[in-house]
Amino acid sequence: MKKIERITLIVLDSVGAGELPDANLFDDCGSNTLGNMAKAYGGMSLPNMGKLGLGNITEIEGTPAVKSAEGAYGRAIEVSHGKDSTTGHWEIAGVPLERPFPNYQNGFSDEVIKEFEKKTGRKVMLNKPISGTVAIDQYGEEQIKTGNWIVYGSADPVFQVAANEEIIPLEELYKACEIALEICNEKSPVARVIARPYVGKKIGEFKRTANRHDFSIDPPKESMLERLEKAGLDVVGIGKTSDLFNGKGITDNRKANQDNLDGIKKTIAALKEDTKGLIFTNLVDFDAVYGHRRNVEGYVKALIEFDNWLPEIQKNLKDDEILIITADHGNDPTYKGTDHTREYIPIMICGKNVKKNVNIGTRKTFADIAATVEEILLGTEKEGSFAKEILED
């Protein structure tokens with residue numbers, strides 16, 4: 001097996017590849033982010049990912065299956081009982097959740113909210129699952145008048161706090177989120193508390209800013225990131241990757257402060273450097289900006305943008321490194337509601353030393369990605385690794 005010095009792992013946040021066998025347990029039957037979106041749009045041409053076998057993984061109108069893919073491809077099943085970014089990324093990193101996070105479909109308890117109000121010195125409005133943009137539209141003007149927090153949730157285990165930057169300083173919002181995480185850790189377990197700052201003076205003008213920050217709990221077990229770090233390798237986190245692991249195992253955190261394109265450019269910049277180990281990028285706009293808002297057109301255009309930049313990413317791969325493109329869950333923009341969907345994730349692998357046209361099939365867990373990364377970079381043979389399937393001898 002060829003020696004590989006660095007792996008770049010890009011997570012296209014929420015780009016699912018069809019409903020999982022247990023989708024009925026999540027009320028997600030019929031969901032297929034890639035397939036349904038392409039149909040709704042009248043075709044979605046992603047030629048560069050198509051060459052890597054994307055259309056072989058699930059049927060995508062406009063991106064047909066190819067007879068000879070330029071890399072290896074397949075899909076994976078999530079074994080963790082969840083469909084959120086934290087759960088998905090942890091499993092990708094080799095830490096499947098044995099117990100699901102609780103959800104808060106009726107909002108957080110009075111006890112939690114009252115303690116949050118007491119410790120932050122501001123009252124709370126809303127406290128129920130709702131779209132973030134809807135929450136801001138409905139309560140933004142009231143926040144300007146009262147200075148109250150806008151607190152909301154979703155089907156995911158998250159406590160979200162929205163605040164107008166012109167009314168509540170960012171530092172105060174971030175401190176409040178740290179307080180919320182402490183309270184939730186004791187009384188109402190969540191995966192993350194998310195600061196959702198925005199600006200604007202009236203409904204129709206409110207707009208989220210790039211100052212979002214995720215406050216996460218630590219993974220319950222050591223992940224591949226920590227094992228790579230302990231081995232003296234570089235682990236460069238780009239986008240919200242570090243936030244999802246609460247910084248554990250990340251040696252260099254580079255946030256994408258604007259959008260997907262910022263994350264793509266930061267990934268290319270990292271590829272130009274002489275690090276050894278892992279570049280781990282999360283591109284969140286697919287999920288946060290388009291999936292949750294059920295914006296098919298925006299989602300398709302965002303995927304086309306990534307596909308257009310893919311050759312530049314590939315061009316910067318050195319001979320002794322590989323690229324893995326995957327996702328963390330689904331968020332079908334044609335589906336009911338505004339929540340994530342329980343789907344397979346696609347896996348595409350390329351690089352000079354990656355075998356061509358290899359179908360790695362359906363993996364039993366997202367954690368097969370971690371097993372593969374560790375076998376390649378650390379020489380540790382692990383169950384589920386597809387390293388020997390994809391790399392030239």
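Q: How many salt bridges does the structure hold?
A: This is a predicted model, and the structure holds 32 salt bridges.

Q: What does Arg254 pair with?
A: Arg254 meets Glu273 through their side chains, at 2.9 Å from N to O. The pair links distant parts of the chain, 19 residues apart. Arg254 sits in strand S10 (residues 252-254). Glu273 is in the loop between helix H10 (260-271) and strand S11 (277-283).

Q: And how exposed is Glu273?
A: Glu273 is partly exposed, with 28% relative accessibility.

Q: What about Lys352, which residue does it meet in a salt bridge?
A: Asp319. The N to O distance is 3.4 Å. Lys352 lies in the loop between strand S13 (345-350) and strand S14 (358-363). Asp319 lies in the loop between helix H12 (296-315) and strand S12 (321-326).

Q: Is Lys352 buried or exposed?
A: Exposed. Its relative accessible area is 57%, and the cut-off for exposed is over 50%. Asp319 has 48%, so Asp319 counts as partly exposed.

Q: Which residue does Glu389 bridge to?
A: Arg363. Their closest N and O atoms are 3.3 Å apart. Glu389 belongs to helix H14 (residues 387-390) and Arg363 to strand S14, so this pair ties together parts 26 residues apart in sequence.

Q: Is Arg363 buried or exposed?
A: Arg363 is buried, with a relative accessible area of 9%.

Q: New topic. How many residues are in the largest nonpolar core?
A: The largest nonpolar core has 108 residues. Phe116, Phe159, Leu303 and Phe306 have the most contacts inside it.

Q: Which helix gives the most to this core?
A: Helix H7 (residues 170-187), with nine residues.

Q: Which domains does the core draw on?
A: Domain 1 and domain 2, with at least three residues from each.

Q: You mentioned Leu303. What is it in contact with?
A: Leaving aside neighbours within four places in sequence, Leu303 is in contact with Leu12, Val15, Leu34, Met37, Met44, Leu46, Met49 and Phe286.

Q: Where are the domain bounds?
A: Domain 1 covers 6-97 + 220-390, and domain 2 covers 110-216. Their centres, taken over C-alpha atoms, are 29 Å apart.

Q: How many residues are in contact between domain 1 and domain 2?
A: 16 residues of domain 1 are in contact with 13 residues of domain 2.

Q: On to strands. Do S3 and S4 pair in the parallel or antiparallel sense?
A: Parallel. Strand S3 (residues 124-129) and strand S4 (residues 149-153) pair over five bridges.

Q: Which residue in S4 stands opposite Val124?
A: Trp149.

Q: What does the chain cross through from S3 to S4?
A: Helix H6 (residues 132-146). This β-α-β crossover is right-handed.

How values were computed: Residues are numbered from 1 along each chain as its sequence is written. This is a predicted model: local features need pLDDT of at least 70, side-chain atom pairs count only at pLDDT 80 or more; totals for chains, interfaces and linings use all residues. Side-chain values use heavy atoms; hydrogens and water are left out. A nonpolar core is a set of buried Ala, Val, Leu, Ile, Met, Phe, Trp, Tyr and Cys residues joined through side-chain atoms within 4.5 Å. Buried means under 20% relative accessible area, exposed over 50%, partly exposed in between (1.4 Å probe, protein chains only). Helices (H or I, at least four residues) and strands (E, at least two) are DSSP runs, numbered from the N terminus. Domain bounds come from an automatic or database domain assignment. Contact means heavy atoms within 4.5 Å. Two strands pair if DSSP finds at least two bridges between them. A crossover is right-handed if, with the strands pointing away from the viewer, the path from the first strand over the helix to the second runs clockwise. A salt bridge is a side-chain nitrogen of Lys or Arg within 4 Å of a carboxyl oxygen of Asp or Glu.
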